[in-house]
Amino acid sequence: GGAMATLPSDRDFENNTGTFSVVVPSTTPLGSQTVTVATKGNEGSRTATITVAGLSVTSTPSTAVANQAITVSASGFTGSTDLASISIAGNAVTTLTDSTAVTDKSTDNSGNLVATFKIPTDETTRTPGDHKVTITDDTGRIGEATLTIPSRTLTIDPTESRRGSTITYTGDGFQASSTVSITYGSS
């Protein structure tokens, strides 16, 4: 995955076979990654595939819109350590809803975390689809959850009316806590 691993010093091979253990670097991207083992002087290399799993993170709700508060629950982080970052689709979340800076939030002594924050408001988080919520602690442990941003929909009932009649507009997927305007124009 592009992250260099530190090799143990006692990795001697006899008869072209050997075994050694390597710690997966904390900067390795999550998901399916290629592992390449090269000989000294690059006389030959071999590759294999490994799936790098993230820590357990759950987003509640799992479908939300920009500027809506969500709560993430996570486990498996280093106990009693500060968070390094929270991001959604690569956009940094800097403040939790209780006005605590993300970097001032700590996991409990068992490595568990519960944090509530608003989804940043930008073009990416207003784009419908699945987006990654990524949490990293100060020791480099990473957890991810999937957050779905819904498409915007608008229905009008009735779809035909006269001047002075009442029409009901029902919308979904719009930015939370924002003002919308309804404009009548010629079609």
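**Note on the predicted model**

1. Residue N91 has a relative accessibility of 19%, and because buried means under 20%, N91 counts as buried. This value, like the others in this note, comes from a predicted model.

2. Where in the fold does N91 lie? N91 belongs to strand β6, which covers residues 91-93. Leaving aside residues up to four places away in sequence, N91 is in contact with I86, P120, D122, T124 and T125.

3. The secondary structure of the protein chain consists of 11 strands and 0 helices. Followed along the sequence, the pattern reads β-β-β-β-β-β-β-β-β-β-β.

4. The overall dimensions deserve attention. The C-alpha trace of the protein chain spans about 90 × 40 × 20 Å along its principal axes. The radius of gyration is 24 Å, whereas a compact globule of 187 residues would have one near 16 Å.

5. On burial, 25% of the 187 residues of the protein chain count as buried. The protein chain exposes about 12,300 Å², of which 47% is supplied by carbon and sulfur atoms.

6. What share of the contacts with a separation of 6 or more comes from residues 24 or more positions apart? In the protein chain, such residues account for 51% of these contacts.

7. As to charge, the protein chain carries 17 negative and 11 positive side chains. The centres of the two sets lie 8 Å apart.

Note on methods:
Residues numbered from 1 in each chain as written. Predicted model: local features only at pLDDT ≥ 70, side-chain atom pairs only at ≥ 80, totals over all residues. Heavy atoms only, no water. Helix = DSSP H or I, 4+ residues; strand = E, 2+ residues; numbered from the N terminus. Rg over C-alpha atoms; globule rule 2.2 N^0.38 Å. Buried < 20%, exposed > 50% of the residue type's maximum accessible area, 1.4 Å probe, protein only. Contact = heavy atoms within 4.5 Å. Areas by Shrake-Rupley, 256 points an atom, 1.4 Å probe, with all protein chains shown as cover. Lys, Arg positive; Asp, Glu negative; His and termini not counted. Charge placed at Lys NZ, Arg CZ, Asp CG, Glu CD.
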